[in-house]
Amino acid sequence: MRVADYFRLLLLAAIWGASFLFMRIAVPKFGAINTAFLRVFLGFTGLAIILFMFKSSFDFKDKFKPSVILGVINSGLPFLMYCLAAKWLPAGYSAIMNATTPLMGALIGFSCFAEKLTFRKWAGMFLGLVGIIVITTIGEAQPSDKKITGVIACLIATSCYGVSSFLTRSWISDKGGLDPKIVAFGSQIGASIFLLPFFIWSTSVGPAVNWLQQEPWISVIAVGVICTALAYILYFRLIADIGPLRSLTVTFLIPPFGVLWGYLVLNETINNGFIVGAITIGIAVWMVVSPEKNQKAENCD
């Protein structure tokens, strides 16, 4: 990897880590549903502008419907869950929960897609559960019931990511593939369509919102344009330059940035339970995603 690749990897982690900060700022002012819809709509708008600027083809190659459905699973529902979690969890907590995506992906792969799990992966998943319990039950950052609700919302989001990764392989990759930028664009269309009825309901019968507030608008625009549209472009560039496996290491770099931004901007505190739980989850994720000795030997052959 070149120095520029490392820089882009760190930049992407910093951007995605900041998304939890922006949601934490916007949700109390605009509401979870409104923030989630505005994020995907602005992401869709930003991607459309970028695709027009680069004169990209909008040919979905008969994969428009799968791309839209994937958007509901991969963007619409997870973003809504993270916005709900932002009502109760500090930004750093949500960022750490996001790191459980490989754990949930492994469990879903085993349960629904006939993926095999070794003893070490099972042990890693159990250790991850222990880490989640530690974060949820130790410390005084939030009342326990609210913290548990927020953690459950995050785990629903990471479960959606796990499902979508297998569906993307089945619906897109195994059927000729598609330009990732077009898949991302289609997914934001699907997410916007999915969240639009909730947004209409929220603005019609939900609590009144003061839409003239500057700070939440800055946060919503940032999470939609920077953390969604531009981050997708940066991520796909990384995949092209260093490959998908190395690009996925961004998952391990997001939590430190999420915790850092929450500490610097919102003065969020870190207790011992959070530190112990975060380290435990980090070890668990490494146990699940790192190749085992027999796999390394096969790759060498």
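**View 1. Glu268 and its salt bridge with Arg24.** Glu268 is buried (under 20% relative accessible area, with exposed meaning over 50% and partly exposed in between; 1.4 Å probe, protein chains only), with a relative accessible area of 13%. Its side chain meets that of Arg24 in a salt bridge, at 3.9 Å from N to O; the term denotes a side-chain nitrogen of Lys or Arg within 4 Å of a carboxyl oxygen of Asp or Glu. Arg24 lies in helix 1 and Glu268 in the loop between helix 11 and helix 12 (272-289), 244 residues apart. Helices are DSSP runs (H or I, at least four residues), numbered from the N terminus. The model is predicted: local features need pLDDT of at least 70 and side-chain atom pairs pLDDT 80 or more, while totals for chains, interfaces and linings use all residues. Residues are numbered from 1 along each chain, and side-chain values use heavy atoms, without hydrogens or water.

**View 2. The salt-bridge network of Arg2, Asp5 and Arg8.** The closest N and O atoms of Arg8 and Asp5 are 2.6 Å apart. Because these two residues are three places apart in helix 1, about one helical turn separates them. Arg8 is buried at 14% relative accessible area, and Asp5 is buried at 3%.

**View 3. The salt bridge between Lys181 and Asp179.** The N to O distance is 3.4 Å. Lys181 is partly exposed, at 25% relative accessibility, and Asp179 is likewise partly exposed, at 31%.

**View 4. Surroundings of Met97.** Met97 touches Ile132, Ile135, Val151, Cys154, Thr158 and Ile281, leaving aside residues up to four places away in sequence; contact means heavy atoms within 4.5 Å.
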